[in-house]
Amino acid sequence: MNWADLNLMPAMPEIFLLAALSVILVLDLFIPDERRGLTYGLSLLTLAGCAAIQYLTWPTAPVETFSHMYVADALGATIKLMMYVSTAAVLVYTRQYVADRGMFRGEYYTLALFALLGMDVMVSASHFLTLYIGLELLSLALYALIALRRDSASASEAAMKYFVLGALASGLLLYGMSMVYGGTGSLQISTIAHVIHAGTGNTVLLVFGLVFLVAGLCFKLGAVPFHMWVPDVYQGSPTAVTLMVGAAPKLAAFVFLIRILGQGMQNMLVDWQGMLMMVAVLSMAIGNITAIVQTNIKRMLAYSTISHMGFLLVGFLVGNAEGYSSAMYYAIIYVLMSMAAFGILLALSRAGFECEKISDLKGLNQRNSWYALLMLLTMFSMAGIPPLAGFYAKFAVIRAALDAQMVPLAVFAVVMSLIGAFYYLRVVRTMYFDDAEDQSAIVVRPEMKLTLSVNALALLALGVLPEGLISLCYDAIKQSLTLL
Amino acid sequence: MLTNLLSLVIWVPVLFGLLVLTTGGDERAGLARWIALVGALAGFLLSIPLFTSFTELHGGMQFEEMRPWITTLGINYHLGVDGLSMLFVVLNSFTTLIVVIAGWQVIQKRTAQYMAAFLIMSGMINGAFAAMDAILFYVFFEAMLIPMYLIIGVWGGPRRVYASIKFFLYTLLGSLLMLVAFIYLYFKAGNTFEIAAFQDLKLAFDVQIMLFIAFFLSFAVKVPMWPVHTWLPDAHVEAPTGGSIVLAAITLKIGAYGFLRFALPIVPDASRALSGVMITLSLIAVVYIGLVALVQTDMKKLVAYSSISHMGFVTLGIFMFAGNTQNVWAVEGALIQMVSHGFVSAAMFFCIGVMYDRVHSRNIADYGGVANTMPIFAAFMMLFSMANSGLPATSGFVGEFMVILGAVQVNFWYAVLAATTLIFGAAYTLWMFKRVIFGEIANAHVAALKDVNKREFLVLALLALTVLGMGLYPQAFIDKMHLSVNDLIAHVAQSKL
């Protein structure tokens with residue numbers, strides 16, 4: 001490698017993140033407990049810095065660096081910007097929650113930033129190894145985060161489950177990658193794409209590898225039949241960490257999917273399309289139907305996540321620019337929605353009380369009509385009712401499926417979203433139609449109230465004026481994917 | 001000002017609704033009521049030029065507005081009204097005003113949210129009638145479910161939770177398949193969601209049948225046609241008075257309007273082929289539901305079933321387009337019936353609401369001899385009951401008469417069956433009226449009744465004026481819609497195969 005040619009610019013946000021993270025890690029050792037707010041502030045500042053650098057170094061065309069192992073393109077930049085914003089929001093939402101539960105320590109923030117760094121690396125990878133390194137960095141940080149409350153049995157159990165099953169999925173992925181390597185002679189995504197396109201690879205090996213890759217990817221997304229960990233981890237983790245597992249990592253998983261299948265194995269579309277279709281159909285059905293009977297709202301949102309991932313896959317498996325961009329739009333909107341939903345749960349939790357059951361939301365409209373309205377917007381958006389952003393996400397996905405003549409799939413998705421509406425409506429019903437049992441005041445830090453309001457109202461704003469974000473996704477996909 | 005009139009009619013009520021929400025809790029309910037009244041009045045006044053400046057010289061779109069909205073997905077913010085839709089925008093704005101006045105004292109719990117829900121819903125409904133882009137229509141069509149769900153669920157009766165969820169899911173089921181149909185048509189029409197482009201599209205017969213089924217599921221639930229009507233009695237009984245008024249007067253009309261705007265012009269051959277089925281379903285609604293209404297013991301349920309029966313008349317009129325050119329009458333009759341039913345059903349539900357506020361019962365058996373204690377109210381209710389039974393000189397007569405005239409042209413026996421409504425309608429309405437209003441004072445509650453106050457009198461008088469006005473001079477309404485209906489019939493007469 002010639003050091004003079006080393007282009008560090010594409011990795012600038014990550015370099016900044018790592019540097020700042022190291023500083024925080026060391027500095028935190030010297031900060032006494034009562035001034036822990038400093039770590040919180042510095043973490044937010046770091047995220048703001050990352051977002052600013054990301055914005056200033058916006059790639060107008062894909063740039064590869066580090067011997068083609070790393071890429072900066074519009075897809076990565078858009079998703080990373082979203083991840084910085086959502087991680088910052090997550091830190092704001094969880095500030096009081098972690099303080100009330102003895103988790104307000106330096107590790108919480110450094111682990112969160114390490115997870116983010118892992119996601120950044122995943123998103124910017126143009127090589128299977130880089131992808132894998134990023135994924136492991138993310139996963140290890142998340143395992144530790146879940147187990148951060150050592151004295152909580154359910155959290156330890158969730159961490160253990162996530163760790164064992166996550167390791168299994170990583171194994172599957174690695175095995176799949178090794179087969180692809182055997183079939184094409186390369187781990188670099190663009191080379192793999194060229195070899196498959198030219199038809200010179202070993203097809204049998206490639207198809208076998210593909211099966212393992214799809215299994216591993218579906219595990220990371222939490223799609224059926226690799227979804228068993230999702231409800232347990234969502235329910236068992238402290239709500240703050242559930243939010244961290246459920247928000248930005250879904251964006252990273254989406255890019256993971258697109259880098260491997262969309263960029264690397266686009267020419268094996270016929271092979272993976274059928275697999276993903278089954279996964280998507282099962283995810284929507286099992287996710288939505290099982291969510292109906294849940295009484296724990298975190299578990300309900302976990303099943304709802306599974307169904308949302310099914311929807312995302314419907315867009316993705318179409319396998320063209322429209323399909324990918326609809327899936328990308330879906331992923332971004334999904335993250336906004338799940339952040340708002342868990343944000344409300346965090347706002348309603350306080351020291352010694354976890355807002356976990358649907359019935360804990362009873363009469364929220366009487367207690368505080370503003371938070372009830374925000375949750376109402378979020379729930380209707382998740383149900384896909386216009387004029388909220390969730391509608392356009394579903395609309396774009398169904399449109400892409402119909403464009404590809406997949407009429408039965410589109411109709412199935414539509415019927416499933418009807419079933420989904422039932423349990424979202426039940427949450428609204430609990431908030432608005434039932435009388436409050438718990439009359440205690442809802443105390444929320446002002447910065448959290450502001451962020452949460454902006455978050456939920458963004459769902460309405462993006463519903464009334466969706467054009468900007470939709471075309472942003474479309475342009476990013478167009479720029480980053482050279483469909484052979 | 002006229003260039004943005006439709007946008008104003010849609011968004012002024014919505015903005016006032018949001019403004020009402022900002023007044024907060026019930027300690028400032030008075031302020032919320034006044035803002036709501038100003039908003040409803042502004043919405044109604046803005047809608048009046050739609051009627052007065054509406055030209056009768058052509059049947060095309062008027063007051064058109066066109067802006068790109070979501071260009072990536074090919075969706076435009078395209079508004080316009082013609083003779084089929086204009087009256088409903090005005091009717092809706094008028095009804096919103098009535099609802100705000102009707103809920104003035106009755107709603108003491110979360111008043112601001114109640115008023116805001118109605119104002120926002122009013123804007124959404126206007127949008128659905130004015131939308132010329134299929135997705136824009138769909139957005140408004142679905143968005144109105146949210147406030148209605150809350151209205152039934154928060155301010156409704158004992159079984160409100162069941163009724164509200166049933167209402168929501170029933171309506172959502174139909175409309176989701178319509179969305180798929182829209183997207184299918186979008187690709188057929190060359191990446192546009194313009195309804196006009198859909199209407200000019202050539203479609204194979206089997207495709208037309210599939211699309212018709214999608215439209216049917218969506219709009220038949222909304223109308224509601226037999227046998228997908230079961231949500232309506234539940235929703236009506238549990239909804240507060242204002243909710244019942246808007247449901248009966250406006251939202252049911254969107255279903256019938258949908259048939260006229262989408263099903264007939266986009267899939268005319270399927271509509272013609274299936275018109276026999278639709279007429280049969282309509283006649284079942286007219287006759288069977290009329291009989292069901294007869295045995296009801298709950299006043300609200302009775303009027304709810306009467307609504308279904310009357311809406312059966314509307315769909316009957318619409319689907320007799322397939323006969324011959326004379327059947328401009330049937331379709332116009334259906335439209336007149338829709339407007340008239342908007343006034344009459346609003347009035348009937350309001351009357352029941354007036355009694356319910358005093359006695360807190362909707363059971364017919366709990367009343368008797370109300371005329372002795374509430375003579376002014378009894379006189380008004382008499383008029384509305386007559387209109388509901390289709391007495392000449394009230395608005396209820398005109399539409400039914402025109403539809404029956406149209407039916408005679410198609411098939412004599414259709415007309416005979418349809419005409420039974422004049423008997424059943426009179427029977428269930430007047431029998432209820434007799435049991436509630438006439439006779440000896442039945443109990444202490446009735447003896448303690450006070451006659452209508454000024455606010456209630458105002459509402460009743462406004463409704464009485466419109467019911468009589470429309471009955472005596474229907475030509476004013478028919479003229480507005482005549483050319484649009486002619487164009488529609490001419491368009492539908494041409495095969496699209």
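## Reading the model

Helices (H or I, at least four residues) and strands (E, at least two) are DSSP runs, numbered from the N terminus. This is a predicted model, in which local features need pLDDT of at least 70, side-chain atom pairs count only at pLDDT 80 or more, and totals for chains, interfaces and linings use all residues. Residues are numbered from 1 along each chain as its sequence is written, while chains are lettered from A and ligands numbered from 1 in the order in which they are written.

## Cis bonds in chain A

Let's start with the backbone of chain A. The peptide bond joining Val224(A) to Pro225(A) is cis, its omega being near 5 degrees. Look for Pro225(A) in the loop between α8 (203-221) and α9 (229-236) of chain A.

Another cis bond runs from Pro386(A) to Pro387(A), with omega near 5 degrees. Pro387(A) sits in the loop between α16 (369-383) and α17 (389-403) of chain A.

## Positive phi in chain B

Now for chain B. Asn191(B) is not a glycine, yet its phi is positive, near 55 degrees. You will find Asn191(B) in the loop between α7 and α8 (195-199) of chain B.

Ala393(B), also not a glycine, has a positive phi of about 80 degrees. Its place is the loop between α17 (375-389) and α18 (395-410) of chain B.

## Where the chains meet

Here 28 residues of chain B are in contact with 25 residues of chain A (C-beta atoms, placed from the backbone, within 7 Å). On the chain B side, α7(B) gives the most, with 14 residues.

Notes: Contact = placed C-beta atoms within 7 Å.
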